[in-house]
Amino acid sequence: MKFPYEWQIGWRYTRASKRTTGNGFISFIAAVSMSGIALGVAALIVVLSVMNGFQKEVRDRMLSVLAHVEIFSPTGAMPDWQRTAFEARRNPAVIGAAPYVDAQALLTRQDAVSGVALRGVEPSLEPQVSDIGSDMKAGRLTSLQPSQFNIVLGADLAANLGVSVGDKVTLVAPEGSMTPAGMMPRLKQFTVTGVFASGHYEYDSTLALINIRDAEALFRITAPTGVRLKLKDMQEAPRVAHELSRTLSGDLYIRDWTQQNKTWFSAVKIEKRMMFVILTLIIAVAAFNLVSSLVMTVTNKQADIAILRTLGAQPGSIMKIFFVQGITIGFVGTATGVALGCLIAWSIPWLVPMIEHLFGVQFLPPSVYFITELPSELVPGDVMRIGVIAFALSALATLYPSWRGAKVRPAEALRYE
C-alpha cells in the first residue's frame, strides 16, 4: 500500500537519527516529549484507577454494614413495621427488609471504655439487608437470642476492649433511672458471643449488635426504630427511595445510603475531578514539548522544505508533513502510556502488598483510610477519555510548528546553501 508522500516524509522525520537530521539533540527532544506524554498518561490512569478502587472498596464495605434504604418514624418507634416492610417489598427493586433499633451507649470492660453505635437486630432477618452474618470472625449472628443478652462486636471494638467470645462486657445506657440518690444510668451485663470484621474501620471499631427485643427492653421502647431495606441495585437507591415516599402509608422518613454518607462521597468525587485536571496539565506540558522539538525540526529542515516547494509542493502539504510527525509522536506516547498505565493498575493488588512486605511499611493505616489494602479498579471509560485527551493535546501542539514550516520561503531558505 502506497501512502502519500507527506505521510512518508513525516514518518521518516519521526524515525530520524543524528545521521539523517544532522542534529541528535532534535531526536533527543522528540524522545523526551514522547516519554513525557507516556508517563503523564500512565500516571493519570493509575491514579484514577486507585481512586475508583478506593471509592468502590469503601462503598462496598460500608454497605455490607449499612442498609441501602432506611425507613423510620419521626416518633422514634414504628409499631406496625411489618406493614411497612410488606409495602416496601412490593417494589420490585427491594429484595430484603428487616427491623432495627438504633441507639448510642457505652461499653466497659474493667478500665476500658468505648462509645458504641448500638443496633438491635432480628437475627433471622438481618442477613436479608446486611453481610455481617458472613463477616463473622468468631461466633455466629444467630447467637443473639432474646432475653439472653448476648452481644456481637466489631473486631477493632473487641480489640480495644480486650474481649473475645465468652467474655462479659457492661453496657451503659444514656437514659437513666430516677433513684433517691438522683438520676442513675442503666447498666446491663452482656456476653460477647460473636466478633465480625467488615473491613471498614469506622464500623469495626464502633458498631455493636444485640437482639432487637433486648434493645427494646433496655431502652424502654415498645417497637423498632424502623425498617432497613436491601435493593437489587444499590445505585438505584435514590430513585427507589423517591418511589417509596409516594407508595408507603403513614408519616415516615426515608433516606438512602447516598444521603447517609453524602459528604464523604462528594469529597471523593471532587478530589477525583481535581486530580484529573491536575494530571491532565502534566500531560499538556509534555504534549507542548512537541512544539519545541517540531520548531527545531522545521528550522533544521528549511532547505528540504525549500526544495519540496520548488518541486511543486503546496504549503498545505508541508503542514501535513510536520503534522504527521507530531501526531505520530503523540500517538506512540499515548499508546505507550495507556499500556503502561493499564499494566500498573492491574498489578497494584499484588504489587503494593509485595512492596509493603519487602520494606516493612504500611501505606494505608486503617484508622485513617478505613481500609488496609490499596485497591484498583480500571474503568475503560476513563482510559478512553485519557487517551483521547492526550492525543488531542498532542495534535494541538503540532499546529503552530506545521504552520511555521508552511511559511518557509524557498528563496530565503536556499540563499546560503
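Is Asp 382 buried or exposed? Asp 382 is buried, at a relative accessible area of 7%. The views below show a predicted model, in which local features need pLDDT of at least 70, side-chain atom pairs count only at pLDDT 80 or more, and totals for chains, interfaces and linings use all residues. Residues are numbered from 1 along each chain as its sequence is written, and side-chain values use heavy atoms, with hydrogens and water left out.

**View 1. Asp 382 forms a salt bridge with Lys 272.** The closest N and O atoms of this pair are 3.8 Å apart. A salt bridge here is a side-chain nitrogen of Lys or Arg within 4 Å of a carboxyl oxygen of Asp or Glu. The pair links distant parts of the chain: Asp 382 sits in helix 14 (residues 380-397) and Lys 272 in helix 10 (residues 262-300), 110 residues apart. Helices (H or I, at least four residues) and strands (E, at least two) are DSSP runs, numbered from the N terminus. Lys 272 is partly exposed, at 22% relative accessibility. The accessibility classes are buried (under 20% relative accessible area), exposed (over 50%) and partly exposed (in between), with a 1.4 Å probe and protein chains only.

**View 2. Asp 382 also lines the largest cavity.** The volume of this cavity is about 30 Å³. The count is one cavity of 30 Å³ or more. On a 1 Å grid over the protein atoms alone, a cavity is a set of points where a 1.4 Å probe fits but cannot get out; lining residues have an atom within 4 Å of a point. Grid points are joined across faces, edges and corners, and a volume is the space filled by probe spheres set on the points. Other lining residues include Ile 45, Leu 48, Ser 49 and Asn 52, along with Leu 378, Val 379, Val 383 and Ile 386. Helix 3 (24-63) and helix 14 each supply at least two lining residues. Helix 3 gives the largest share, four residues. By type, the lining holds six nonpolar, two polar and one charged residue. Ala, Val, Leu, Ile, Met, Phe, Trp, Tyr, Cys and Pro count as nonpolar, Asp, Glu, Lys and Arg as charged, and the others, Gly among them, as polar.

**View 3. Glu 70 forms a salt bridge with Arg 255.** Their closest N and O atoms are 2.9 Å apart. Glu 70 lies in strand 1 (residues 69-72) and Arg 255 in strand 10 (residues 253-256), so the pair ties together parts that are 185 residues apart in sequence. Glu 70 is buried, with a relative accessible area of 3%. Arg 255 is partly exposed, at 30%. The structure holds 10 salt bridges. Another of them joins Asp 80 to Arg 83, with the closest N and O atoms 3.3 Å apart.

View 4. Tyr 100 is buried, at 2% relative accessibility. The C-alpha atoms of Tyr 100 and Ile 71 are separated by 10.0 Å, and the two residues are 29 apart along the chain.

**View 5. The largest nonpolar core holds 36 residues.** Such a core is a set of buried Ala, Val, Leu, Ile, Met, Phe, Trp, Tyr and Cys residues joined through side-chain atoms within 4.5 Å. Val 69, Ile 71, Ile 132, Leu 209, Val 227, Leu 229 and Leu 244 touch the most other members. Elements giving two or more residues include strand 1, helix 4 (81-89), strand 9 (226-231) and helix 8 (237-247). Helix 3 gives the most, with four residues. A second, separate core of 26 residues includes Val 101, Ala 112, Leu 161 and Leu 171.

**View 6. The second largest pocket has a volume of about 210 Å³.** A pocket is an open set of grid points with protein on both sides within 12 Å along at least five of seven lines. Its lining has 16 residues, with Asp 102, Ala 117, Arg 119, Tyr 203 and Leu 207 nearest the centre. Strand 2 provides the largest share, four residues. The lining divides into seven nonpolar, three polar and six charged residues.
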